[in-house]
Amino acid sequence: MYRPARVPSTSRFLNPRVVFFVVVALVLIVAVMAALLLYFLVFDQKSYFYHSSFQILNDKYSDELNSPATQKYRNLSEKIESMITKTFKESNLRDQFIRAHVVKLRQDGNGIIADVVMKFKYSRQNNGPTMKSRIESVLHKMRNNSGNLEINLSTEITSLTDQGTATMFTQECGARQDLMTLSEERVIGGTKAENGDWPWQVSLQLNYIHHCGGILISNKWILTAAHCFKSYTDPHTWTATFGISTTFPTQRIRVKTILVHKNYNSATHENDIAAVQLDRGVVFTKNIHRVCLPEATQNISPGSTAYVTGWGSQTNGGNTVQDLQQGRVNIISNSECNAPTSYNGAVLPGMLCAGVPKGGVDACQGDSGGPLVQEDSRQLWFLVGIVSWGDQCGLADKPGVYTRVTAYRNWITEQTGI
């Protein structure tokens with residue numbers, strides 16, 4: 001009878017220990033391949049920045065677009081940014097596109113040109129010229145997504161280096177490093193500031209010793225408090241330093257002119273503002289540049305968040321510090337600040353209060369003349385207050401009192417042209 005050959009049992013040939021090692025090896029191979037794939041898809045990705053200009057076809061340039069502080073400037077910029085975002089999120093580059101930001105709106109005849117920086121993230125294995133071509137192709141389709149805006153890509157896109165990106169942002173006001181990198185997440189915490197956190201912060205030094213804070217509003221002009229010069233009016237004894245350390249500043253420049261408000265009243269603290277002119281221009285960098293000034297009509301809402309910075313004392317009557325400090329506070333209405341348990345009517349219309357309900361976070365001696373700033377919807381920072389006075393430091397119901405910058409917007413323009 002025909003008998004087929006018997007299939008031998010595998011148990012005679014495969015040792016359990018061998019099976020174990022084979023399985024482990026296969027698992028390791030799969031894990032390595034998955035890790036490599038993850039690396040090339042995620043960790044091998046690098047950020048790339050591009051610049052392009054867009055012509056707004058159905059709107060005319062007006063004086064309201066001279067300043068990023070105006071609502072028209074904000075609205076138009078946000079509309080352009082949303083339009084670019086929508087276009088890319090509906091394209092085959094949706095996973096590579098990160099953010100877009102209008103750096104500047106400028107006049108072109110009667111029309112408007114928007115200069116935009118865009119951030120993408122993709123693998124270094126991608127071909128740069130090919131990606132640029134793909135980005136341009138998407139942008140040329142944007143007109144179909146423009147809604148009530150008619151726009152035209154007026155220049156081809158150009159690739160930016162990290163330095164080139166920083167240069168574009170520092171030419172305008174109010175940008176911190178998180179905006180320059182177009183980060184999606186931002187964290188501000190603790191009390192010690194990091195390099196570049198508050199690039200408009202100035203140390204005004206009397207005979208090379210820190211005396212007051214200041215705020216950079218152009219490459220040659222600084223705002224500060226009038227009371228800083230109550231006893232020291234000679235500009236030749238003053239210097240301005242830039243950077244987070246008063247001991248090892250990044251730049252140091254002599255003061256040329258001090259312009260104290262002519263109606264400053266030391267008894268009531270009224271009109272506590274001064275403008276300081278430098279004898280040469282500051283070299284703007286990603287860590288040193290100007291803050292935005294608000295419009296005179298800008299609303300500063302009670303309860304909104306603000307930040308105060310300086311090298312002042314950590315306790316009432318203490319010594320100043322060498323490294324820049326930061327404090328998060330809330331805007332307090334003048335009516336609340338003038339309550340009998342608080343300042344009992346001493347806070348005048350040209351002043352602004354900010355603090356925390358139980359005290360503990362406040363400006364102090366050595367912070368005078370420094371900035372109180374707020375962030376707008378586009379991550380630009382605006383100067384709303386100048387450190388002026390207060391009852392000691394950090395007491396409950398005794399918040400810091402600041403010169404209200406919006407009340408002196410016209411004065412600032414008269415003195416500085418800004």
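D272 sits in the loop between β10 and β11, where helices (H or I, at least four residues) and strands (E, at least two) are DSSP runs numbered from the N terminus. Please keep in mind that this is a predicted model, in which local features need pLDDT of at least 70, side-chain atom pairs count only at pLDDT 80 or more, and totals for chains, interfaces and linings use all residues. Residues are numbered from 1 along each chain as its sequence is written, and side-chain values use heavy atoms, leaving out hydrogens and water.

**The annotated site**

- An unreviewed UniProt entry places the feature "active site" at H227, D272 and S368; UniProt positions follow the numbering used here, feature names are shortened, and annotations may be inferred rather than shown by experiment.
- These residues span 142 residues in sequence, yet no two of their C-alpha atoms are more than 10.2 Å apart, so they gather at one spot.
- D272 is buried, at 1% relative accessibility, while H227 is partly exposed, with a relative accessible area of 23% (buried is under 20%, exposed over 50%, partly exposed in between, with a 1.4 Å probe and protein chains only).
- H227, in the loop between β8 and β9, touches Y264, D272, S368, V387 and S388, not counting residues up to four places away in sequence; contact means heavy atoms within 4.5 Å.
- With that same exclusion of residues up to four places away, the contacts of D272 include H227, Y264, S388 and T403.

**The barrel**

- Six strands form a closed barrel in the order β6-β7-β8-β11-β10-β9, with antiparallel pairing; two strands pair if DSSP finds at least two bridges between them.
- Strand β9 (residues 238-242) is joined to the antiparallel strand β10 (residues 251-260) by four bridges, and T241 stands opposite R252 in β10.

**Aromatic rings**

- The whole structure holds 11 aromatic pairs, meaning rings of Phe, Tyr and Trp (its six-membered ring) with centres within 6.5 Å; planes under 30 degrees apart count as stacked, over 60 as edge-to-face and the rest as tilted.
- W198 and W200 have ring centres 6.3 Å apart and planes at 65°, so this pair is edge-to-face.
- For W198 and W381, the centres are 5.2 Å apart and the planes at 90°, so this pair is edge-to-face too.
- W198 lies in the loop between α5 (177-180) and β6 (201-206) and W381 in strand β16 (residues 381-389), so their pair ties together parts 183 residues apart in sequence.
- Both W198 and W381 are buried.
- Y50, F88, F97 and F120 make up one aromatic cluster.
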